[in-house]
Amino acid sequence: MANTHCPLCGEENKCMVDATEPNGCWCTIEEFPKGIFELVPEESRRKHCICQKCVTKYKGEMQKI
């Protein structure tokens, strides 16, 4: 899996951290719940960006609890 794909769903993560755009990427201002990182396979941690769709889905599921 390339670094351009989400380790949770496998879809393109659309991360723009390395882009030259002045605002960078959505992920630099997003608040990631700590528990979401436990879902990432060990071999992908700190190597693959989670997509915004998975972050939003996780947050929604956490609100139901």
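I count a salt bridge when a side-chain nitrogen of Lys or Arg lies within 4 Å of a carboxyl oxygen of Asp or Glu.

**Ground rules**

This is a predicted model, where local features need pLDDT of at least 70 and side-chain atom pairs count only at pLDDT 80 or more, while totals for chains, interfaces and linings use all residues. Residues are numbered from 1 along each chain as its sequence is written, and side-chain values use heavy atoms, with hydrogens and water left out.

**Entry 1: salt bridges**

I looked up how many salt bridges the structure holds. There are three.

I started with Glu 11 and Lys 53, whose side chains meet in a salt bridge at 2.9 Å, N to O. Glu 11 sits in the segment before helix 1 (52-63) and Lys 53 in helix 1, so this pair ties together parts 42 residues apart in sequence. For helices I take DSSP runs of H or I with at least four residues, and for strands runs of E with at least two, numbered from the N terminus. I then checked accessibility, calling a residue buried under 20% relative accessible area, exposed over 50% and partly exposed in between (1.4 Å probe, protein chains only). Glu 11 comes out partly exposed at 42%, and Lys 53 is partly exposed at 49%.

Next I took Lys 59, which forms a salt bridge with Glu 30, the closest N and O atoms being 2.5 Å apart. Lys 59 is in helix 1 and Glu 30 in the segment before helix 1, so here the tie is between parts 29 residues apart in sequence. Lys 59 is partly exposed at 30% relative accessible area, and Glu 30 is partly exposed at 24%.

I also noted Glu 42 and Arg 45, with side chains that meet in a salt bridge at 3.1 Å, N to O. Glu 42 is exposed at 58% relative accessibility, whereas Arg 45 is partly exposed at 34%.

**Entry 2: cysteines**

A disulfide is a covalent bond between the sulfur atoms of two cysteines. How many disulfides does the model have under the rule of a cysteine sulfur pair within 2.5 Å? I get a count of zero.

Cys 27 is in no disulfide, and the nearest cysteine sulfur to it, that of Cys 25, is 3.5 Å away. I found Cys 27 buried, at 19% relative accessible area.

Cys 49 is in no disulfide either, with the nearest cysteine sulfur, that of Cys 15, at 3.5 Å. Cys 49 is partly exposed, at 29% relative accessibility.

**Entry 3: around Cys 49**

I followed Cys 49 to Asn 13, whose side chain reaches the backbone oxygen of Cys 49 at 3.1 Å. I log that as a polar contact (a pair of N or O atoms within 3.5 Å; within protein, one must be able to donate a hydrogen and the other to accept it, and residues adjacent in sequence count only if both atoms are side-chain atoms). Asn 13 is in the segment before helix 1. Is Asn 13 buried or exposed? I have it as buried, at 4% relative accessibility.

**Entry 4: the largest pocket**

I looked up the largest pocket and got a volume of about 450 Å³. Of its 17 lining residues, the closest to the pocket centre are Arg 46, Lys 47, His 48, Cys 49 and Ile 50. For the search, a pocket is an open set of points on a 1 Å grid over the protein atoms alone, where a 1.4 Å probe fits, with protein on both sides within 12 Å along at least five of seven lines; lining residues have an atom within 4 Å of a point. The volume is the space filled by probe spheres set on the points, which are joined across faces, edges and corners.

I sorted the lining and got eight nonpolar, five polar and four charged residues. My classes put Ala, Val, Leu, Ile, Met, Phe, Trp, Tyr, Cys and Pro under nonpolar, Asp, Glu, Lys and Arg under charged, and the others, Gly among them, under polar.

I checked phi at Arg 46 and found it near 65°, a positive value in a residue other than glycine. Arg 46 is in the segment before helix 1 and is exposed, at 87% relative accessible area.

Lys 14 has a phi near 55°, again positive in a residue other than glycine. Lys 14 also belongs to the segment before helix 1 and is exposed at 57%.

Last, I noted Glu 31, in the segment before helix 1 and exposed at 64%.

Conventions: A disulfide is a pair of cysteine sulfur atoms within 2.5 Å.
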